[in-house]
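Colleague: I would like to learn how to read strand pairing and confidence in a model of this kind. Could we go through the case step by step?

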Amino acid sequence: MNDSGETDRVLVIDDDPGIRRLLISALGFVGFAVDAAGGLTDALARVARRPPDVIVLDVMLPGADGFEILQLLRNRGVTVPVLFLTARDAVEDRVRGLPLGGDDYVTKPFSVVEVGARLQALLRRARGGLPVEQESTLRCADLEIDDLRHEVSRGGELIDLSPTEYRLLHYLIAHQGQVLSRSQILEAVWHYDFGGDSVVVERFVSNLRRKIDHGRDPLLHTVRGVGYTLRQQAAR
């Protein structure tokens, strides 16, 4: 249930009628209001008519695949969390959509219980799961996060981050100087209460590093065998 007391709305985008029926039934049973679309045109129409709170998006779709649909949604200002469904085994295929603005994924065949749990986690992250800080602006060197405006800048230049990249950076800057393990990051940023995939962390850290450090003095550092830390300079 969202902040206004309404039932959380899920849009399932999948061309398989059986999967659509399964998710409509299972997610409806645990309290979601579920809508479904079989492809690009139907999905865009339903989002325009009534934006959902979260989206379940199949990667393998005819015409436009899930990655292309995600890019279209993000380009149209749709910022709600997106959970990918993918049948692909290759790691690169499974996480390709995350830097594009996707937030999580499950691999087919999937457990509907896991899908429901991950959707709940995505909604918690999107609704105030950020650590509560006394200051609305967090800083590390010339990098700033303004929570009131939900903006990130470095040296006065605005940096465009996805919602999950923002949460990751927020967690790192709130604990700057500390070395954070992949499991700590998964728990804090993704809220996994079960076995998460550290590849997700690695991909998001890599993408975040490219955005905040490219052409600048590096702030985001890897501590081999341990994890990651945000600090003004690497330890010597």
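Modeller: Let us begin with the term itself: two strands count as paired if DSSP finds at least two bridges between them. In this predicted model, strand E7 (residues 143-146) and strand E8 (residues 151-154) run antiparallel and are joined by four bridges.

Colleague: Which residue in E8 is the bridge partner of Leu143?

Modeller: The partner of Leu143 is Arg154. E7 and E8 form a hairpin with four residues between them, and in that turn His150 has a positive phi of about 55 degrees.

Colleague: How many bridges pair E8 with strand E9?

Modeller: E8 pairs with E9 (residues 157-159) over three bridges, in the antiparallel sense, and Val152 stands opposite Ile159 in E9. Two residues lie between the strands of this hairpin, where Gly155 takes a positive phi near 60 degrees.

Colleague: Is Gly156 buried or exposed?

Modeller: Gly156, which lies in the loop between E8 and E9, has a relative accessible area of 70% and is therefore exposed, since the cut-off for that term is over 50%. The C-alpha atom of Gly156 is separated by 7.8 Å from that of Asp142, although the two residues are 14 apart along the chain.

Colleague: Where should I be careful with the coordinates?

Modeller: Where pLDDT is low, the predicted coordinates should not be read in detail. The protein chain averages a pLDDT of 83, and 83% of the residues score at least 70. Among its elements, strand E1 (residues 9-13) has the highest mean pLDDT (96) and helix H4 (residues 91-95) the lowest (54). Over residues 130-134 pLDDT stays under 50, and the model has eight contacts beyond four places in sequence for them.

Terms used: Residues are numbered from 1 along each chain as its sequence is written. This is a predicted model: local features need pLDDT of at least 70, side-chain atom pairs count only at pLDDT 80 or more; totals for chains, interfaces and linings use all residues. Side-chain values use heavy atoms; hydrogens and water are left out. Buried means under 20% relative accessible area, exposed over 50%, partly exposed in between (1.4 Å probe, protein chains only). pLDDT is the predictor's confidence in each residue, from 0 to 100. Contact means heavy atoms within 4.5 Å.
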